[in-house]
Amino acid sequence: MNQNNKEYKFILKLSKSNDSELVEFDEDTNFNFMIIENNLCISYSGPNIRKEYFLIEIFKKRFTFGFSNYLNSFILKLNSDDLQGELNTNVSITKLNDIKNSFCGLTNMSATCYINSLVQVLRYIDEFRSKLSEVTDKCFYKKLLNSVYLKMDSNTIEDDYLKKFINNLPFVESPDRHEDVHEFARILFDKLENEDKTITKMFEGKTEHVFKCECGCEYKREGIFQELILHLNENFSKSFKDNIKPNYIDDYKCEKHEKTKAVEKLYYKELPKYLFVLIKRFEYDWDIDEGKKINDYFNYPEEFNFYEYVNQEGKNDHYTLKGNIVHYGSFSEGHFYCYINIDGKYYKFDDTKVYEVVKDEVLDWNYGGKNIVNNKTNRFSAYYLLYENKDVEFKVDANKDKLSIIEEKEINYNFVFKNDLINFNGPLHYNFMSDDYVKRNFYNGSAYEYQNAQCVFRDLYICPEVFSLTNFKRIKDTGLYNDLFLVHYDCKSYGKLVFVKEFDVKYGCSKLNNLLLTDIISVNNLSNLKKYNKKFLYKENEDKIEQVEYDYTDIKDGDIFIVSNEEFEKVNQHLNYLRNNRYVYVNDTPLFVSRNDDLVKSLNKSLNTNMINEVKLLENNSYLIENNEYFIFYVCFLDKNIDFNAVSHIHYFYMKKDSRTDDLIKKFRESNEQCFLDNNNCEISLFRTSFDNTLMEYNPNSNSLLFESDIIKALFVITPFIENILVIKFSRSGNYPTVTEMVDTVKEFRSKHMYNGKISIVKNDEIIE
């Protein structure tokens with residue numbers, strides 16, 4: 001025994017008529033002993049104890065118990081022989097500073113005790129473990145759980161490995177959130193059953209519901225059950241009878257005689273190898289509008305014959321208690337731990353602490369009801385029981401290899417956020433593998449091969465839905481493979497993923513943006529799209545569109561719907577325009593050109609020139625014009641405030657590098673772009689800015705050079721000239737952008753921007769501070 005463990009020794013004198021008496025004991029002990037109703041009550045009153053563990057040896061029993069401030073007593077049932085006359089017995093109680101054994105406990109990751117409890121109970125079901133080892137590539141949850149068990153078998157499961165296991169369960173919202181072990185079990189079994197229909201067979205039984213009608217007809221309905229739910233009614237026997245008592249139905253629909261009265265009776269036809277029993281201790285009280293936990297007394301047996309409980313003839317199916325999951329606390333919070341029968345001995349699994357206990361603790365101690373020591377209702381009670389059918393044997397195949405611990409290799413994957421795709425103005429979905437449209441960013445990540453895709457992205461604080469962009473098939477329970485994922489982080493429902501585009505006619509050269517992707521949402525029906533207040537709804541397909549109504553039901557993941565007030569012909573015409581054109585990159589400049597015309601011809605048209613004779617193909621739809629004397633100038637037109645953020649589109653001009661301001665204005669006047677043509681007769685001003693700086697520099701001198709080596713990608717803004725005050729430089733501090741704006745008076749500008757500092761203005765082509 002560890003020398004640091006402190007041992008207390010007592011000689012306890014017991015008598016049937018009087019309380020117990022300590023004949024010899026250590027002076028510094030904090031233990032008290034009482035006999036109440038043929039029970040030996042051991043109380044501990046250590047100072048400010050969080051939880052202290054003691055090895056207790058009494059009446060040839062040897063077990064461990066943890067005393068704490070909220071659990072400072074233990075009750076041991078005495079045999080009648082122990083109280084015949086007077087009896088002196090030796091008691092040894094040893095304080096344990098550490099608990100070490102061959103069992104593997106699990107760390108509580110804040111509030112994951114409910115996961116730990118169920119994982120431990122299932123681990124000691126040999127048939128379940130055997131089924132876990134029968135895996136295929138698609139068995140994500142079986143691999144995941146089996147890998148954890150194999151780590152536990154070697155008693156070497158690290159906290160990081162356990163955390164990864166929990167994080168790979170998408171239905172576990174957070175390790176910090178208190179959840180119910182029964183709800184967790186049902187979801188986990190559903191996931192496992194989806195992968196392997198046979199894995200839950202060991203927990204399934206069959207029922208038969210017999211309906212006897214008043215008209216003389218009789219009907220039988222078969223059913224399957226995976227657990228029994230027992231309402232609190234003092235003990236097992238009474239609760240079972242509640243489950244099978246006849247159900248009288250006043251308006252049963254007879255298949256021959258329409259509505260009639262009927263009596264429904266429940267019969268159990270086949271019983272499972274392992275029987276889960278839920279004791280209904282949680283309910284919602286609608287009178288006080290809150291949930292509550294019921295810790296009333298409920299007696300459950302260590303062994304029982306199922307058919308005796310239901311008053312039904314059948315074979316002798318004897319069940320013995322295999323596991324007992326206990327809940328301590330209230331409706332909204334608390335703690336789960338479990339007891340497991342391993343080779344005839346009971347062990348308590350309380351997160352990392354695992355130790356042998358006496359049978360009294362597994363049964364009587366957790367029946368619930370009042371504590372006979374302090375006469376208060378216990379806050380802990382048995383909640384979820386597992387019984388094993390003793391009459392059905394399972395033989396472990398010694399020749400069957402266990403699945404080895406998964407050698408998880410790290411893989412790289414690509415993903416894109418939903419908002420990265422918003423305002424896409426092309427046909428169908430954005431295709432990252434194509435170079436037909438302006439490139440959008442996607443991101444790189446890394447994960448282990450068998451991690452759950454939803455959970456990987458949830459770790460990036462993006463949740464709860466993850467979809468594949470390649471075929472728009474929802475990824476629910478699959479690992480990460482070589483795919484591109486769309487992270488859809490504001491999707492709350494579990495409907496179909498649809499892409500919503502809006503079509504509005506924009507006259508002039510902005511027509512490329514007539515059709516824009518405005519949202520990606522998950523819907524169960526299309527009524528959600530009525531919020532756009534558009535008259536028509538179209539469904540976009542591979543090479544055509546079709547008009548549909550808002551009650552359209554044949555919705556699939558990845559469907560594209562267009563909302564618009566425009567007639568079918570206009571929408572279809574625009575989509576044909578998009579399909580017949582594409583983007584190419586010329587000298588790193590994105591240009592929208594015809595798919596069908598000669599590329600050189602299309603480029604000359606797009607760049608408002610006739611100076612391009614040939615281009616060199618690089619890669620990924622990228623081209624190079626090898627002419628050092630010419631340069632592509634970026635130009636936009638603004639007819640209101642000179643605001644960098646108001647730039648809606650850009651035109652490109654292919655001109656000599658030694659071109660000057662008046663050359664560009666001349667090109668502008670000769671252009672056939674609609675936004676230029678509409679303002680071709682007005683006086684114009686020219687500004688220079690860049691894509692990484694919102695400063696707009698006024699170019700009043702018509703002889704100034706356009707090209708500057710330090711601003712290779714300059715954006716020139718052409719605007720109608722106004723003779724009044726033109727503010728060109730204004731800054732609150734070095735971290736604020738410079739503002740350029742047209743106003744009537746300086747006072748108006750100061751009032752609008754609440755600015756009292758220096759202002760530079762342009763007047764008569766002079767800059768005045």
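Author: A nonpolar core is a set of buried Ala, Val, Leu, Ile, Met, Phe, Trp, Tyr and Cys residues joined through side-chain atoms within 4.5 Å. Buried means under 20% relative accessible area, exposed over 50%, and partly exposed in between (1.4 Å probe, protein chains only). This is a predicted model, where local features need pLDDT of at least 70, side-chain atom pairs count only at pLDDT 80 or more, and totals for chains, interfaces and linings use all residues. Residues are numbered from 1 along each chain as its sequence is written, and side-chain values use heavy atoms, leaving out hydrogens and water.

Reader: Okay, how many residues has the largest nonpolar core?

Author: It has 61 residues, and F236, Y300, F306 and Y387 have the most contacts inside it.

Reader: What makes this core lie between domain 1 and domain 3?

Author: Domain 1 (10-95) and domain 3 (203-389) both give residues to it, so it lies between them. Those bounds come from an automatic or database domain assignment.

Reader: What about E361 and K348: buried or exposed?

Author: Buried: E361 has a relative accessible area of 1%, and K348 has 2%. Their side chains meet in a salt bridge as well, at 3.6 Å from N to O.

Terms used
Salt bridge = Lys/Arg side-chain N within 4 Å of Asp/Glu carboxyl O.
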